[in-house]
Amino acid sequence: MTAALKTITVDPDSEVARVLAQAAEAPILIETRGARFRIVREDEDPFANYDPERARAAAERAFGTLKGVDVEKLLAELKEQRAQDSQGRPA
């Protein structure tokens, strides 16, 4: 179960409010002490149209998709691929 998000009220005349106004136009990245945070405006409740029955049905359809797959080989290949450098994202 996902924990509820903490809500922080920001003074509309603050520097934080000015940065958030930019995020209303387009997502922005904030970096501090080597940590990056993606700030996007949340326009609506992401679970407003969530249908648990549809989610269960999708999970049922996916069940057995990997039947017959050599799991050890698949995991080894994934590990190998993750070790490779990719453009803009070193291993």
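**View 1. Aspartate 51 caps the N-terminal end of helix 2, which covers residues 52-62.** Here a side-chain oxygen of aspartate 51 lies 3.0 Å from the backbone nitrogen of glutamate 53. This is a predicted model, in which local features need pLDDT of at least 70, side-chain atom pairs count only at pLDDT 80 or more, and totals for chains, interfaces and linings use all residues. Residues are numbered from 1 along each chain as its sequence is written, and side-chain values use heavy atoms, with hydrogens and water left out. Helices (H or I, at least four residues) and strands (E, at least two) are DSSP runs, numbered from the N terminus. A polar contact is a pair of N or O atoms within 3.5 Å; within protein, one must be able to donate a hydrogen and the other to accept it, and residues adjacent in sequence count only if both atoms are side-chain atoms.

View 2. You will find glycine 64 in the loop between helix 2 and helix 3. Its relative accessible area is 44%, so glycine 64 is partly exposed (buried means under 20%, exposed over 50%, partly exposed in between, with a 1.4 Å probe and protein chains only). Glycine 64 and arginine 36 are 28 residues apart in sequence, and their C-alpha atoms are 37 Å apart in space.

**View 3. Aspartate 70 caps the N-terminal end of helix 3.** A side-chain oxygen of aspartate 70 lies 3.3 Å from the backbone nitrogen of glutamate 72. Helix 3 takes in residues 71-82, 12 residues in total, and reaches 16 Å from its first C-alpha to its last, close to the 16 Å expected at 1.5 Å a residue (the expected span is 1.5 Å times one less than the number of residues). Within helix 3, valine 71 is partly exposed at 47% relative accessibility. Glutamate 72, also in helix 3, is exposed at 61%.

**View 4. Arginine 33 has a positive phi of about 50° although it is not a glycine.** For background, most residues other than glycine have a negative phi. Arginine 33 lies in the loop between strand 1 (28-32) and strand 2 (35-39). With a relative accessible area of 86%, arginine 33 is exposed. Leucine 29, in strand 1, is exposed too, at 51%. Leucine 29 and isoleucine 39 are 10 residues apart in sequence and 6.2 Å apart in space, C-alpha to C-alpha.

**View 5. Phenylalanine 47 and tyrosine 50 form an edge-to-face aromatic pair.** Rings of Phe, Tyr and Trp (its six-membered ring) pair if their centres lie within 6.5 Å; planes under 30 degrees apart count as stacked, over 60 as edge-to-face and the rest as tilted. By this rule the count is one aromatic pair. In that pair, phenylalanine 47 and tyrosine 50 are 6.1 Å apart centre to centre, with 85° between the planes. Phenylalanine 47 and tyrosine 50 are both exposed.

**View 6. The largest pocket holds about 380 Å³ of space.** Its lining is made up of Leu5, Lys6, Thr7, Ile8, Val10, Val16, Leu20 and Glu42. Sorted by class, that lining has five nonpolar, one polar and two charged residues (Ala, Val, Leu, Ile, Met, Phe, Trp, Tyr, Cys and Pro count as nonpolar, Asp, Glu, Lys and Arg as charged, and the others, Gly among them, as polar). On a 1 Å grid over the protein atoms alone, a pocket is an open set of points where a 1.4 Å probe fits, with protein on both sides within 12 Å along at least five of seven lines; lining residues have an atom within 4 Å of a point.

Terms used: Points joined across faces, edges and corners; volume = space filled by probe spheres on them.
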